[in-house]
Amino acid sequence: MRQLYIPSKMSYVKGKRPQVDCILCAVCHKDRKVTKLEVHRTKHWVVSANLHPYTAGHMLLFPCRHIADVRQLLENEVSEMIAVQKLCLDVLDAAYKPAGYNIGFNIGRPAGASIEHLHLHIVPRYPNEAGFLDILSETRSIVESPKQTVKTLRAHFKKLSKGGS
Ligand SMILES: [Zn+2]
C-alpha cells in the first residue's frame with residue numbers, strides 16, 4: 001500500500017484534483033480552485049485541515065515557500081514552526097482531547113509523500129480507533145467531515161492564538 005491516508009467516501013472529495021501546479025502553494029495564495037481548508041496562518045506558515053483525514057482533527061502545517069526538504073528551512077521558519085506546532089497541539093487538546101499524537105514529515109514518494117511541497121502531519125490519536133484492517137478495507141466510518149473539522153479548528157485557533165490568524 002503506497003498511501004496511509006485513505007480518501008474518505010464523501011462526495012465532494014471525489015471531485016477532480018484541482019488544476020494547480022502545487023496544491024499547498026494554491027492554499028497559501030488563497031487560490032479559489034482549492035477547497036478552503038486553512039484554519040490558521042502566521043508569517044511563514046499555514047495550518048490546514050487534511051482533506052483526507054486519518055483521524056478527526058488531522059492537520060497539515062506547511063511553509064508558504066515551496067520547498068521539499070526540512071533542510072531547506074531557514075532558521076526563522078524553524079523557530080516559527082515550533083511555535084505554530086505548540087499552538088496546533090493546544091488547539092487539538094482543547095477541541096478533540098486526543099489520547100496521543102503522531103507528528104511527522106513524509107519526505108519522498110516511497111515515504112508516502114503524495115505532495116512534494118514540505119508539510120508536517122499532525123495526527124491526533126484516540127483510544128478506540130478502527131484497526132488497521134478496517135482502514136485497508138475502507139470500511140472505517142469517517143468520524144467527522146473535513147468541513148466540520150475546519151469550523152471547529154478555526155474557532156479554537158481564534159480563541160487560543162493571541163492576535164488571531
Ligand atoms: Zn508548493
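Reader: What order do the five strands of the open sheet take?
Author: The order is β1-β2-β3-β5-β4, with antiparallel pairing. Strands here are DSSP runs (E, at least two residues), helices likewise (H or I, at least four), numbered from the N terminus. Two strands pair if DSSP finds at least two bridges between them.

Reader: Which strands stand at the edges?
Author: β1 (38-41) and β4 (100-105) do. Each has a single partner strand, so one side of each is left without a neighbour in the sheet.

Reader: And what does the twist average?
Author: 20 degrees from one strand to the next. Angles run from 0 to 180 degrees between N-to-C directions, and axes are lines fitted to C-alpha atoms, for helices over the stretch in contact.

Reader: What kind of model is this?
Author: This is a predicted model: local features need pLDDT of at least 70, side-chain atom pairs count only at pLDDT 80 or more, and totals for chains, interfaces and linings use all residues. Residues are numbered from 1 along each chain as its sequence is written, and side-chain values use heavy atoms, leaving out hydrogens and water.

Reader: Back to the strands. How many bridges join β3 and β5?
Author: Three, in the antiparallel sense; β5 covers residues 120-125. Met-59 has Ile-122 in β5 as its bridge partner.

Reader: Which helix packs on the sheet?
Author: Helix α4 (residues 146-160), touching β1, β2 (45-49) and β3. Contact means heavy atoms within 4.5 Å. The direction of α4 makes about 25 degrees with that of β1.

Reader: Where do α2 and α4 meet?
Author: Among the α2 residues involved are Leu-87, Val-91 and Tyr-96; the α4 side includes Leu-153 and Phe-157. The axes of α2 and α4 come within 9 Å and cross at roughly 115 degrees.

Reader: New topic. Which residues are the protein donors of the zinc ion?
Author: Cys-22 (SG), Cys-25 (SG), His-66 (ND1) and His-117 (ND1), 2.0 to 2.3 Å from the zinc ion. Donors are N, O and S atoms within 2.8 Å of the metal (3.2 Å for Na, K and Ca); water is not among the atoms, so sites may look incomplete.

Reader: How are the donor residues spaced in sequence?
Author: As C-x2-C-x40-H-x50-H. Cys-22 lies in the segment before α1 (23-28) and His-66 in the loop between β3 (59-63) and α2 (75-96), so the pair ties together parts 44 residues apart in sequence.

Reader: Is Cys-22 buried or exposed?
Author: Buried, at 11% relative accessibility. His-66 is partly exposed, at 38%. The cut-offs: buried is under 20% relative accessible area, exposed over 50%, partly exposed in between (1.4 Å probe, protein chains only).
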